[in-house]
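I opened this notebook to record what I looked up. The entries follow below.

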Amino acid sequence: MVETAPKSLGSIYTPSDFAKLLTDWAVQKKHYQVLDVGVGEGVFTFAAHRRLMQLGASSFAAQKQVHGAEIDRPTFERFLRLSSEAKLSFPNVRSADYFKIDFPMVGAVIGNPPYVRRACIDDVEDIREVIFQQAGSPQLSGLSRLADLYVYFLLRAATQLKPGGRLAVITADSWLNARYGTVLKDYLKENFKIECLMSFDRHIFAAEVKPVLLFATKKEASHPKTEPIRFIRVKNGLPASQVLRVVEQPQIGLSDVFVSPIKHGELEVKNPWGMYLKAPQLCDELAAHQLMSPLSKLGKTGIGIQTLAKEFFVLSPDRVQELGVEPEFLVPLAQSSRYHSTPCIEPDSSPLSYLFYCARSKAKLVGTSALSYIKRGEKAVVPVRGKGKTVIGYHLKERIKRACRPRWYDLRSSLEQRERAEILIPRLINRKYQVVWNRARFVHGELFIGFTPHREQGIAPEVYLAVLTSSLTEFLLRATAQLYGGGTYNVSPGKIGDLPVPDVTRFTQLQRETIKDAYLTYLSDKRHNREHLDRTLFDILGFSSDTNQGLKSALQDLIALGQSPKRSVKAES
């Protein structure tokens, strides 16, 4: 059986063999009450029933011991049909809102909570109130409102689990790296013995999110901080039965299975845990280097302009000509590194996009094409992202209303208060990684993170560009970024300031001149080959040949990880 619940509600397809392995690990006693945190069509519910019977429970008792809720009525009807076909009935699995019904304390939590982004959650304040009331933990007071829905599902389930009970779930792995995941990581560390976190290079679900398997036991008492949490990366296909062996027997040796044990007390919740599933030893070695410092020490970083309505604010040159918008209401825009074939935007470059850039009131725009365009925007039928509905006019989009702009169409006022970044770091990294030298000082969009060096340092921009363009920085960005199922590394604008980079303020003047020349050589090369730049930087850092080779291999591995074919992990025969 495979889940086929609608993706619009955040469902991620779950192969039945993975539901079985998670359930078999979590459910250890025949009398356990079991909570399924994502019922869908019942793949985990049926697995729990089978497991309870295997342990000695009667079929009748097992049906009553499984609890859960499914809010989507058509999906619940499919679950009921499948139950009926199997001659089963689960009285405690209901068609209801998971956050509005009472569950008993349980001995096992299993499932695949729905993956719904914050922007698509309608009643987040009601959900937060439920979590805070039930958990009663001051740890949760800092939970970000940007958290995705599955985080709330997990926190509620964790509070329902008895001490000694087991949690075995599939989630999107974004909580490992995103800032909103900090509270969840802290809660798990404090209240659970995290047995292991497991990721797969190949897809095991038909979804554009990268999943992680979480195995954890609710603490009955404190346990030693020296006890390890195992981060397990499975590079190739692995039958589910073998996955369970890896979880239960960490010493087992299987090819293409890499285990990184990290001591409980050494695991910082503010750090991205995803890096422990990539190349933890190399990341630690590089971060500890005497010439490395956080990027925030060298300068300020900031995400580019978030228009909240790209289709209105971003205009192509042809569209500008068609609309006749006056030049004074336009500003050149750098949208993304993929739109730039070279790593430098020269002052005389022709923009590929313009930003609608108007702060005037409508009264002062009478007779202009800009006013006609604004009025057109106020009559347009605008889809609301993730909501399945529309509004009439961009000015009625909730996100634009909440932005509290002087006028809904006014991006200019806030942009004029920002310094236009000369160095643009890609926020999304696919196969190609390219830092852009924004010599033309275009406004940068939200797919760039702008970097502005601290002025008092008095160091040429080419020096910063050299270290940010290097394979070293690319590796560290990929290692600490969120990797989505589609192969895109998403760099967190809120976390990038913590990224360790070569500290150019501690270079000698000769070293700065040398690395500057290496960058200019890279820039003049039509192929933009980084070999000379990398060698120069590695020599300055005093890297050994082993470190050089290890870094190159690790980077290629991360690039390949992002390009892994969309094939499922082997199912049980």
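How many nonpolar, polar and charged residues does the lining of the second largest cavity have? I found 3 nonpolar, 1 polar and 3 charged residues in that lining. For these classes, Ala, Val, Leu, Ile, Met, Phe, Trp, Tyr, Cys and Pro count as nonpolar, Asp, Glu, Lys and Arg as charged, and the others, Gly among them, as polar.

Basis. I am reading a predicted model, in which local features need pLDDT of at least 70 and side-chain atom pairs count only at pLDDT 80 or more, while totals for chains, interfaces and linings use all residues. Residues are numbered from 1 along each chain as its sequence is written, and side-chain values use heavy atoms, with hydrogens and water left out.

Cavities. I searched the whole structure and noted 3 cavities of 30 Å³ or more. A cavity here is a set of points, on a 1 Å grid over the protein atoms alone, where a 1.4 Å probe fits but cannot get out; lining residues have an atom within 4 Å of a point. Grid points are joined across faces, edges and corners, and the volume is the space filled by probe spheres set on the points. The second largest cavity holds about 70 Å³, and I listed its lining as I305, L415, R418, E419, R420, V443 and H444. The largest cavity has a volume of about 100 Å³. Its lining has 13 residues, with D173, K210, G274, L277 and K278 nearest the centre. By class I noted 5 nonpolar, 3 polar and 5 charged residues there.

Sheet of 9 strands. I traced an open sheet with mixed pairing, in the order β3-β2-β1-β4-β5-β7-β6-β8-β9. Strands (E, at least two residues) and helices (H or I, at least four) are DSSP runs numbered from the N terminus, and two strands pair if DSSP finds at least two bridges between them. β3 (93-94) and β9 (257-263) each have a single partner strand, so one side of each has no neighbour in the sheet. Inside the sheet I looked at β6 (residues 192-200) and β7 (residues 211-218), which are antiparallel over 7 bridges. C196 has F215 in β7 as its bridge partner.

Helices on that sheet. Helix α7 (residues 182-191) lies across β5 (161-172), β6 and β7, at about 130° to β6. Helix α8 (residues 240-248) lies across β6, β7, β8 (228-234) and β9, at about 140° to β6. Angles run from 0 to 180 degrees between N-to-C directions, with axes fitted to C-alpha atoms, for helices over the stretch in contact. Contact means heavy atoms within 4.5 Å.

Sheet of 4 strands. I found an open antiparallel sheet in the order β11-β21-β17-β19. β11 (299-303) and β19 (436-437) are the edge strands, each pairing on one side only. Strands β17 (residues 423-426) and β21 (residues 448-453) run antiparallel and are joined by 4 bridges. I425 stands opposite I449 in β21.

Q457. I placed Q457 in the loop between β21 and α16 (461-469). Q457 and L298 are 159 residues apart in sequence, yet 8.2 Å apart in space, C-alpha to C-alpha. Leaving out residues up to four places away in sequence, Q457 touches K297, L298, Y464 and T505.

Terms used
1 Å grid on protein atoms, 1.4 Å probe; cavity = no way out; pocket = protein on both sides within 12 Å on 5 of 7 lines; lining within 4 Å.
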